[in-house]
Amino acid sequence: MRTILEMQKQLLPDLMEILKKRYTILHQILLSDVVGRRTLAVSLNMTERVLRAETDLLKAQGLIEIENIGMRISDSGRKLLEDLEPVVKEIFGLSEWEERIREAFGLRKVVIVPGDTEASPLTKKELGRAGAKALLGVMRSEDVVAVTGGSTIAEVAEQLSHPAGLSLKQSWFVPARGGLGESLEIQANTIASGMAKRVGAGYRLLHVPDLLGKEAYESLVGDPNIQDIVEMIRKARIVVHGIGDAMEMARRRKLEESIVQELQNKGAIAESFGYYFNADGAVVHKMLTLGLRLEDIRRTETVIGIAGGRSKAKAILAVLLYGQEDILVTDEAAAEDIMKELEGIKSMNKNTES
């Protein structure tokens, strides 16, 4: 006859799977605002029949509301998700990864959200939410926050809201660098102004291109109005930035073929705040541009890197090796590959020692 302990050991994994499944459903509904059952079933790779049984149960517990237009999370469901977040991270194994990555790179904090931002727009939305929470967690009144452009940081702006009990009227948001000439929505200027409006802060804009020729740079750097905003940017207490693939960013910047070839020859794999890094975290190329410089990054009190997706793992690792990050917000897919790289480095060191 099986003992109670044996039965508990057998039941525990099943209970964990059920909890993971119901948390995932509830979390996806939260991120979707309002979503139909069929759409949700497809995004979760689940049959409508199975999903119906689960959502009926969630409705009976008062965690979701089901209307003609679709399902939405209730206030009780929202609170439950907040309360469950630490527990769920343990179940998914993300808490251990967060701590190991934090220790490996001497970071203040690491936040990993479940999923892959490259496979799911909802995961990217969650990455933005986690980034917004990390930013608000370190902001104080009268802060200057410099932000870069890109779709990930734009999502952070979308998820920001006015913090309870904290007035940011005397704080400022500024773009870390000039514009890339891409979609207006993901320009640093647009993101800085959007963040400021969402939290009730002020903002200043930098109306110059990110990539400048020598003559244009020398002309602009002497302009009193440009000098004023650049000085403010370089005194930012907090920097929020994305991390990109080096070749992808070179393409977006429309760099000359000779420079692209130089980047490839030097092993550039990552780009962040206008600098290109190799796999060892060394800077191999920098752009002639106004805005933040590496010396400013080194002086900044809190640097928050936000990036996700499996294809970004090597780029994220390179920037972490550079050694100036304080907080990393990433996703499960990127973290998994970073952990594999860390295990490889650990194994290599052991072989060298022996």
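The exercises below, each with a worked solution, concern a predicted model of a single chain.

Residues are numbered from 1 along each chain as its sequence is written. Because the model is predicted, local features need pLDDT of at least 70 and side-chain atom pairs count only at pLDDT 80 or more, whereas totals for chains, interfaces and linings use all residues, and side-chain values use heavy atoms, with hydrogens and water left out.

**Exercise 1. The chain as a whole**

Task: State how many helices and strands the chain has, and what percentage of its residues is buried.

Solution: Begin with the secondary structure, where helices (H or I, at least four residues) and strands (E, at least two) are DSSP runs numbered from the N terminus. On this basis the chain has 15 helices and 13 strands. Next take burial, with buried meaning under 20% relative accessible area, exposed over 50%, and partly exposed in between, for a 1.4 Å probe and protein chains only. Of the 354 residues in the chain, 48% are buried. Finally consider contacts (heavy atoms within 4.5 Å): among those between residues at least 6 apart in sequence, 70% join residues at least 24 apart.

**Exercise 2. The largest cavity and E126**

Task: Find the largest cavity, describe its lining, and characterise E126.

Solution: The method rests on a general idea: rolling a probe the size of a water molecule over the atoms shows where empty space is left. Here a cavity is a set of points, on a 1 Å grid over the protein atoms alone, where a 1.4 Å probe fits but cannot get out, and lining residues have an atom within 4 Å of a point. Grid points are joined across faces, edges and corners, and a volume is the space filled by probe spheres set on the points. A search of the whole structure finds one cavity of 30 Å³ or more, and about 80 Å³ of space lies in the largest cavity. Its lining has 13 residues, of which Y23, E85, K89, P114 and E126 are the closest to its centre.

Then sort the lining by element. At least two residues each come from helix 1 (4-32), helix 4 (75-92), strand 3 (109-113) and helix 6 (121-138), with helix 4 giving the most, four residues. By class, the lining of the largest cavity has eight nonpolar, one polar and four charged residues, where Ala, Val, Leu, Ile, Met, Phe, Trp, Tyr, Cys and Pro count as nonpolar, Asp, Glu, Lys and Arg as charged, and the others, Gly among them, as polar.

Last, turn to E126, which lies in helix 6 and counts as buried because its relative accessibility is 5%. The side chain of E126 makes a polar contact of 2.7 Å with the side chain of R129; such a contact is a pair of N or O atoms within 3.5 Å, and within protein one must be able to donate a hydrogen and the other to accept it, while residues adjacent in sequence count only if both atoms are side-chain atoms. Not counting residues up to four places away in sequence, E126 touches H27, L31 and V113.

**Exercise 3. The nonpolar cores**

Solution: A nonpolar core is a set of buried Ala, Val, Leu, Ile, Met, Phe, Trp, Tyr and Cys residues joined through side-chain atoms within 4.5 Å. The largest has 45 residues, and those with the most contacts inside it are I101, F277 and I316.

How values were computed. On a 1 Å grid over the protein atoms alone, a cavity is a set of points where a 1.4 Å probe fits but cannot get out, and a pocket is an open set with protein on both sides within 12 Å along at least five of seven lines; lining residues have an atom within 4 Å of a point.
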